[in-house]
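Me: Hi, I have a structure open and would like to go through it step by step. Could you help me read it?

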Amino acid sequence: RSPVSLNAISQNATIQLIQKAYDLGANITEIYVDAVGNCDFYQKKLSSCFPRARVTVKPKADHLFKVVSAASIRAKCSRDRMVKNWRHREQNKSVKFQPLNCSGYPGDSATVKWLRDNFNTIFGYPCVARFSWKTVRRILNEDGEKHEELSGKLPEPVRVEWETKPTDADGNDTSFGSMKTMFAPYSKRAPFFKSKRIEIVQNLL
């Protein structure tokens with residue numbers, strides 16, 4: 001799955017929210033939005049999506065416009081409620097994750113503690129933690145950088161090394177036709193594999 005920046009996620013979510021308001025019959029003539037990324041680009045993007053409204057994108061808009069201040073408070077309350085009631089869909093009898101009792105900001109000691117206590121050597125973290133997040137990438141040593149507090153203090157993650165396709169002396173493929181032959185039948189796939197779109201390998205290369 002290709003990583004998507006937080007700016008793109010935020011901008012697309014804003015467009016969807018405004019569109020939903022239009023679909024419900026709201027007569028929107030002015031739009032005020034806090035800056036996410038480049039202000040000019042974001043304002044032009046919103047203006048192209050909603051040409052009937054006057055769009056204003058400003059840094060610190062929640063300090064400049066009361067309506068943005070109110071929306072910011074509402075969004076934070078909704079976020080805190082969702083985090084408090086979050087249920088890890090990857091969790092099962094053998095894989096356990098603790099409740100999200102942190103803000104999610106890397107500078108928050110409670111967030112660092114959650115990352116330390118919920119590290120899984122095979123899966124890393126549940127989907128609530130973005131694997132493209134630099135904090136997680138540092139913990140997993142993905143970019144050669146190390147997390148200041150957690151690197152070296154967690155179990156070493158399982159590394160997968162893919163083997164080349166086995167052949168005999170004549171160059172004929174001797175790999176298995178299907179991975180299913182190596183496992184007993186199952187009734188239900190683990191949620192983690194579904195959420196990460198991991199499929200069963202049919203042919204080994």
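Me: What pattern does the protein chain follow, read along the sequence?
Reply: This is a predicted model, and in it the protein chain reads α-β-α-β-α-α-α-α-α along the sequence.

Me: And how many helices and strands is that?
Reply: The protein chain has seven helices and two strands.

Me: OK, what about aromatic rings, how many pairs are there in the whole structure?
Reply: A search of the whole structure turns up four aromatic pairs. In one of them, Tyr 32 and Phe 65, the ring centres are 4.7 Å apart and the planes stand at 40°, so this pair counts as tilted.

Me: Where do Tyr 32 and Phe 65 lie?
Reply: Tyr 32 belongs to strand S1 (residues 30–34), while Phe 65 sits in the loop between helix H3 (61–64) and helix H4 (66–84), so the pair ties together parts that are 33 residues apart in sequence.

Me: How much relative accessible area does Tyr 32 have, and what about Phe 65?
Reply: Tyr 32 has a relative accessible area of 28% and is partly exposed, and Phe 65, with 23%, is partly exposed as well.

Me: Which kind of pair do Trp 114 and Tyr 125 form?
Reply: Trp 114 and Tyr 125 form a stacked pair, with 6.1 Å from centre to centre and 25° between the planes. Trp 114 is in helix H5 (residues 109–117) and Tyr 125 is in the loop between H5 and helix H6 (134–139), so that the pair links distant parts of the chain, 11 residues apart.

Me: Are those two buried or exposed?
Reply: Both Trp 114 and Tyr 125 are buried. Together with Phe 119, they are linked by ring pairs into a cluster.

Me: Changing topic: what share of the residues is buried in the protein chain?
Reply: Of the 205 residues in the protein chain, 26% are buried. The accessible surface of the chain comes to about 15200 Å², and carbon and sulfur atoms account for 54% of that surface.

Me: Which residues form a nonpolar patch on the surface?
Reply: The patch is formed by Val 4, Leu 6 and Ile 9, which together have about 250 Å² of accessible area. Val 4 is found in the segment before helix H1 (6–23).

Conventions. Residues are numbered from 1 along each chain as its sequence is written. This is a predicted model: local features need pLDDT of at least 70, side-chain atom pairs count only at pLDDT 80 or more; totals for chains, interfaces and linings use all residues. Side-chain values use heavy atoms; hydrogens and water are left out. Patches are made of residues with over 30% relative accessible area and no salt bridge: like charges are joined within 9 Å, nonpolar side chains (Val, Leu, Ile, Met, Phe, Trp, Tyr) within 5 Å. Accessible areas come from the Shrake-Rupley method with a 1.4 Å probe; for residues, only the protein chains shown count as cover. A salt bridge is a side-chain nitrogen of Lys or Arg within 4 Å of a carboxyl oxygen of Asp or Glu. Helices (H or I, at least four residues) and strands (E, at least two) are DSSP runs, numbered from the N terminus. Buried means under 20% relative accessible area, exposed over 50%, partly exposed in between (1.4 Å probe, protein chains only). Rings of Phe, Tyr and Trp (its six-membered ring) pair if their centres lie within 6.5 Å; planes under 30 degrees apart count as stacked, over 60 as edge-to-face and the rest as tilted.
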